[in-house]
Amino acid sequence: MKQQKRVLIISYYWPPSGGAGVQRWLKFAKYLPQFGYTPVVYTPSNPHYPMLDETLAEDIPSEVEIVKHPIWEPYSFYKKWMGMKKGERVQHGFIAEKGQSAWKQKLSTWVRGNFFIPDARKFWVGPSIKFLDNYLKNNPVDAVVSTGPPHSMHLIGLGVKAKTDLPWLADFRDPWTEIDFYEQLMLTKWADATHRRLEAKVLKSADKVVTIGWHGGKRLELLGAENVDIITNGFDEDDVPQTIDYEANEHFELMHIGSLNKDRNPHDLWAALKVLVRENAALAKKLRITLIGKLDSQVLQSVEEHGLAEYLNKIPYLPHAEIFPKLQSASVLVLALNDVPSIEGIVTGKIFEYLAARRPIICIGSSTGDAAKIVAGAEAGQSVNFGEQEKLKKVVSGYFEKYLSDGLQFDSGKIQQYSRKSLTADLVSHLDGLVDQVAEK
């Protein structure tokens, strides 16, 4: 029997963390043993997760080795500063749920961008490098993976690479200096230069750089990465109910799942629906807008200003195990992209769960970006640009007519390429290449 290889995975997010950040490497870890790799996951023993989902632990196979080490994070100071209660959790991605004090929020953002470089987990970097250097002497691995954000994980990978010279794959689930909120950090010239210097060092030192989309891959190459490959996110077939009920929903339900911050607020959709409920009495009678996840206060304000509050069904959070049945009950799934300069490269993790749910998708933001490319390639829906409210009205009206006639049945055969198992096979081909290069030296 062929001996299992071992891969160290440095990840801040790990169950019981909820949300999108944990999914990618949890699913890789689930399937890696089937391809000859034992995952060794290095993660904090006392992290501050913005949300929890205990059900995700069910996906961790028995073969996974989990190594934990304490982390210090500055969130206790932030919560006192912002007047938050002890049990409240700090939200990431600049979501202000309660309209918090503007000047305090602004000052906190400035401190975060200029002193916590690359992020608030920077204090874990040095202790982790020292700990892993000792750990790996007695527990050798064949390769190292770091996944960010938080991009402090890549600095740990960089340090481990310098200490051990193990082959290192740096996985960018999101950009670093080209992340959609980078310009909101109010960086000094020194801080901006420091972010960019560290990013370039990671990109040039890693033996392999992986990211989730084609546009993002090109941008990383321009920033100095020399060996970039694309492995998108995906869906796990084990999470998808085998029987899909295509019976028409009692409502014509437009559903979005996941966080909605102010940059992702789909103003054009609200404007289009405002007109449609006035012009189409049948649609107004059937319409339901379901938003599942954390919502910025500006999103709720927009819904109310467009006269849509009576149609809103707000669900703060769902455990991952309950997501697919909910998605499959929807009429149309809304994929709202961030209204930022980097929109062409934005590929949210939810797009793949949308594909697996086999409900039609409306992608709002760009008809030419990576997300639109995936939707079109899977024959899974339609994409519209920002500002195309008339086109959006026609798309929604068209889906409503289909809802009335056949229940919006959708089952494209082109989504299998995005299964987690297929994507793990792609990852293994890259890991094998790195390990083989070392063996040949």
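This is a predicted model: local features need pLDDT of at least 70, side-chain atom pairs count only at pLDDT 80 or more; totals for chains, interfaces and linings use all residues.
Strands β2 and β3 (residues 65-69) pair in the parallel sense over five bridges, where helices (H or I, at least four residues) and strands (E, at least two) are DSSP runs numbered from the N terminus and two strands pair if DSSP finds at least two bridges between them. Residues are numbered from 1 along each chain as its sequence is written, and side-chain values use heavy atoms, with hydrogens and water left out.

**Strand β2**

β2 is also joined to strand β1 (residues 5-10), by six bridges, and β1 and β2 run parallel. Within this pairing, Leu8 stands opposite Val40. Together with helix α1 (residues 23-31), β1 and β2 make a right-handed β-α-β unit; a crossover is right-handed if, with the strands pointing away from the viewer, the path from the first strand over the helix to the second runs clockwise.

Eight of the eight residues of β2 (residues 37-44) are buried, so the strand is largely enclosed by the rest of the structure. Buried means under 20% relative accessible area, exposed over 50%, and partly exposed in between, with a 1.4 Å probe and protein chains only. Tyr37, Pro39, Val41 and Thr43 point one way from β2, and Thr38, Val40, Tyr42 and Pro44 point the other way; all are buried.

**Strand β12**

In strand β12 (residues 361-365), five of the five residues are buried, so this strand too is largely enclosed by the rest of the structure. Ile361, Cys363 and Gly365 lie on one side and Ile362 and Ile364 on the other, and both faces are covered.

Strand β11 (residues 332-336) runs parallel to β12 and is joined to it by four bridges, with Cys363 as the bridge partner of Leu335. The chain passes from β11 through helix α12 (residues 350-357) to β12 in a right-handed β-α-β crossover. β12 also pairs with strand β13 (residues 381-385), in the parallel sense and over five bridges; here Ile362 stands opposite Gln382. β12, helix α13 (residues 370-377) and β13 make a right-handed β-α-β unit.

**Aromatic pairs**

A search of the whole structure finds 13 aromatic pairs. Rings of Phe, Tyr and Trp (its six-membered ring) pair if their centres lie within 6.5 Å; planes under 30 degrees apart count as stacked, over 60 as edge-to-face and the rest as tilted. The ring centres of Tyr12 and Tyr49 are 5.6 Å apart and their planes stand at 80 degrees, so the pair is edge-to-face. Tyr12 lies in the loop between β1 and α1 and Tyr49 in the loop between β2 and β3, so the pair ties together parts that are 37 residues apart in sequence. Tyr12 and Tyr49 are both buried. Elsewhere, ring pairs link Tyr42, Trp124, Phe131 and Tyr135 into a cluster.

**Backbone geometry**

Most residues other than glycine have a negative phi, and most peptide bonds are trans. The table lists exceptions.

| Site | Feature | Value |
|---|---|---|
| Pro15 to Pro16 | cis peptide bond | omega near 20 degrees |
| Ile117 to Pro118 | cis peptide bond | omega near 5 degrees |
| Arg358 | positive phi, not a glycine | about 55 degrees |
| Glu379 | positive phi, not a glycine | about 50 degrees |

Pro16 lies in the loop between β1 and α1, and Pro118 in the loop between α3 (102-115) and α4 (125-138). Arg358 is found in the loop between α12 and β12 and is buried, with a relative accessible area of 19%. Glu379 is placed in the loop between α13 and β13 and counts as partly exposed at 48% relative accessibility.

**Cavities**

A cavity is a set of points, on a 1 Å grid over the protein atoms alone, where a 1.4 Å probe fits but cannot get out; lining residues have an atom within 4 Å of a point. Grid points are joined across faces, edges and corners, and a volume is the space filled by probe spheres set on the points. The count comes to three cavities of 30 Å³ or more, and the largest cavity has a volume of about 40 Å³. Its lining residues include Leu254, Trp270, Thr290 and Val334. β8 (252-257), α8 (267-279) and β9 (287-292) each give two or more residues to this lining, and the largest share, three residues, comes from β9.

Key
On a 1 Å grid over the protein atoms alone, a cavity is a set of points where a 1.4 Å probe fits but cannot get out, and a pocket is an open set with protein on both sides within 12 Å along at least five of seven lines; lining residues have an atom within 4 Å of a point.
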